Amino acid sequence: MSDTATDTDTDRDTGASASASAGTSTETDTGTVNWNSKAFDEVVSNDAGRPVLFTNARVLTMDPLIGTMTGADVLLVGALLVGVGPGIITAAQDDNAIVVDCTGMTVVPAVVDTVALVGGRGHRSEYVATLTPGNAGDLLVVPDEFAADVASAQATLLTRPDQVRALVAAGKPVLWAGVDAPDRPTAREAGIPAAGDMTGSPRVGVWIDRNDFLHQELTADGRYDETRGGRPHAYEGRYWIDGDRIDYLDDLGFWAFGEFQGEELHHAGYAMRLG
């Protein structure tokens, strides 16, 4: 037992030394890691839209053109990643950026675009989940020892979330120092929800496409009923609206979706207006 205890203490001391050398992590009374706490407070209260700069990291962009960088910076403005590479830190003070010191850390995409990785995207504008400027600011920060590659970094998120320094989605923290960020987004409970009461919603009514082929009625009890080419009840089921998105669950068992764009409802290639 004494050997085991010594090994554990040595590992802990080694980890503490590494944290101290990084200058960004300290052990608290509870044993949790307090990582860039001042920067975190600034990020979560960032109502002025200040840029957020993750600096001095090893960055696995998963972008075939950019590749992997060491001692690099990742710059977020709002929900977007706007810059990646060395030297961005030089403009941090000019831009009033919130600086997150990532010494000893690796930054990877929170979601991986494997199609882009194997060259299956024809244009850079089509990349959807790489650390490419112009993409969503979805990133994961973990210590180097847990990030031999992107797969191991993401495995750390799933199996050892306490070791995650930051998980950021669209520029907003979800996890920080292994703990849920305040006001983080949370998914609905699993399972099909009950239909909502849409009484009084301006989106209740009959939506008709430009060619008068599709009539989709949204009723206040959360049901839809489609008439297609004069054929009534072609599809029927339940619907749920979340912001500008509408999800459909047809009585036949399949799921579909639509999007409200101004005064139009776009669904399955049709653009409809309230008739």
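Modeller: Take Thr 130, which counts as buried because its relative accessibility is 2%. Buried means under 20% relative accessible area, exposed over 50%, and partly exposed in between (1.4 Å probe, protein chains only). This is a predicted model, where local features need pLDDT of at least 70, side-chain atom pairs count only at pLDDT 80 or more, and totals for chains, interfaces and linings use all residues. Residues are numbered from 1 along each chain as its sequence is written, and side-chain values use heavy atoms, with hydrogens and water left out.

Colleague: Where is the place of Thr 130?

Modeller: Thr 130 sits in the loop between α3 (114-117) and β8. Helices (H or I, at least four residues) and strands (E, at least two) are DSSP runs, numbered from the N terminus. The protein has four helices and 19 strands.

Colleague: Which residues does Thr 130 touch, not counting residues up to four places away in sequence?

Modeller: Contact means heavy atoms within 4.5 Å. With those sequence neighbours left out, Thr 130 touches Thr 61, Met 62, Asp 63, Pro 109, Asp 113, Ala 116 and Asn 135.

Colleague: Which residues of the largest nonpolar core touch the most other members?

Modeller: In general, nonpolar side chains tend to be buried together in soluble globular proteins. A nonpolar core is a set of buried Ala, Val, Leu, Ile, Met, Phe, Trp, Tyr and Cys residues joined through side-chain atoms within 4.5 Å. Here the largest one has 26 residues, and Trp 35, Phe 54, Val 74, Leu 139 and Val 141 touch the most other members. Elements giving two or more residues to this core include α2 (37-44), β4 (68-77) and β8 (139-143). Strand β3 gives the most, with four residues.

Colleague: What does Leu 139 touch, not counting residues up to four places away in sequence?

Modeller: Beyond those sequence neighbours, the contacts of Leu 139 include Phe 54, Val 74, Leu 76, Val 107 and Leu 167.

Colleague: Is Gly 229 buried or exposed?

Modeller: Gly 229 counts as exposed, because its relative accessibility is 52%. Gly 229 lies in the loop between β14 (223-228) and β15 (231-242). Its C-alpha atom is separated by 9.7 Å from that of Asn 211, 18 residues apart along the chain.

Colleague: How does Val 82 count?

Modeller: Val 82 counts as partly exposed, because its relative accessibility is 41%. Val 82 is in strand β5 (residues 80-85). Over the whole protein, 37% of the 275 residues count as buried.
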